[in-house]
Amino acid sequence: STNPVTTYAADGSVVPIVAQTAGLAMISVAEKSWLTFQHIKVQAFDYAGVMVTGAADNLVFANMEVDGMVPYGTTPLGFYVNATNPASIQFLNDDADLNYDGFRFDGTARGITVTNCRAYANRAAGLVDNTGKATYSYSHFYGNNVAQLIPSDVIGGIGGSGNVGLAS
């Protein structure tokens with residue numbers, strides 16, 4: 001994909017500016033392994049905050065926040081994984097708010113763990129696991145499915161211990 005235009009503010013932060021009809025993933029990890037992303041806030045994106053695809057593996061996303069724009073259709077997605085059989089992708093102490101889905105896992109991804117994460121005010125769900133193999137623990141998914149009356153905070157996934165009040 002095309003790199004977004006960047007400017008560097010006086011405080012050293014990076015401000016991406018993306019204006020494309022198709023949208024872009026703000027952080028895209030394709031076919032890469034052994035990477036750690038931490039202490040990053042991504043906001044006001046229209047497609048995906050963090051996207052992991054292909055043969056990506058052994059990734060850690062820690063202390064991050066991804067806040068999209070008002071959802072239009074089935075995007076934006078906060079954290080999106082559609083990787084080919086990863087052994088380990090970890091989400092640690094992350095927030096995913098104001099997206100279509102906060103955390104979404106598709107394809108043949110396995111080995112995905114979500115620990116001490118939060119997602120609220122997402123249009124559809126806080127966590128959607130279409131792999132049937134992702135686990136979540138010590139997490140709080142609340143106030144999601146804002147498009148309908150009945151809350152749907154988690155769809156799929158394997159609930160571990162310590163989760164705070166989930167509606168599903």
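How many bridges join strand β4 to β7, and how do the two run? I looked this up and found five bridges between β4 (residues 33–38) and β7, which run parallel. Two strands pair here if DSSP finds at least two bridges between them.

Before going on, I noted the ground rules. This is a predicted model, where local features need pLDDT of at least 70, side-chain atom pairs count only at pLDDT 80 or more, and totals for chains, interfaces and linings use all residues. Residues are numbered from 1 along each chain as its sequence is written, and side-chain values use heavy atoms, with hydrogens and water left out.

**Whole chain.** I counted 19 strands and zero helices; these are DSSP runs (strands E, at least two residues; helices H or I, at least four), numbered from the N terminus. Of the 168 residues, 41% are buried, meaning under 20% relative accessible area with a 1.4 Å probe, protein chains only.

**Strand β7.** Back to β7, residues 57–62: five of its six residues are buried. On another pairing, β7 runs parallel to β10 (residues 89–92), with four bridges.

**Thr-131.** Next I checked the loop between β15 (125–129) and β16 (135–137), where Thr-131 is found. Thr-131 is buried, at 15% relative accessible area. Its side chain makes a 2.5 Å polar contact with the side chain of Asp-129 (N or O atoms within 3.5 Å, one able to donate a hydrogen and the other to accept it; residues adjacent in sequence count only if both atoms are side-chain atoms). The Thr-131 side chain also reaches the backbone nitrogen of Lys-133 at 3.1 Å. Leaving aside neighbours within four places in sequence, I found Thr-131 in contact (heavy atoms within 4.5 Å) with Phe-105, Asp-106, Gly-107 and Ala-109.

Conventions:
Buried means under 20% relative accessible area, exposed over 50%, partly exposed in between (1.4 Å probe, protein chains only).
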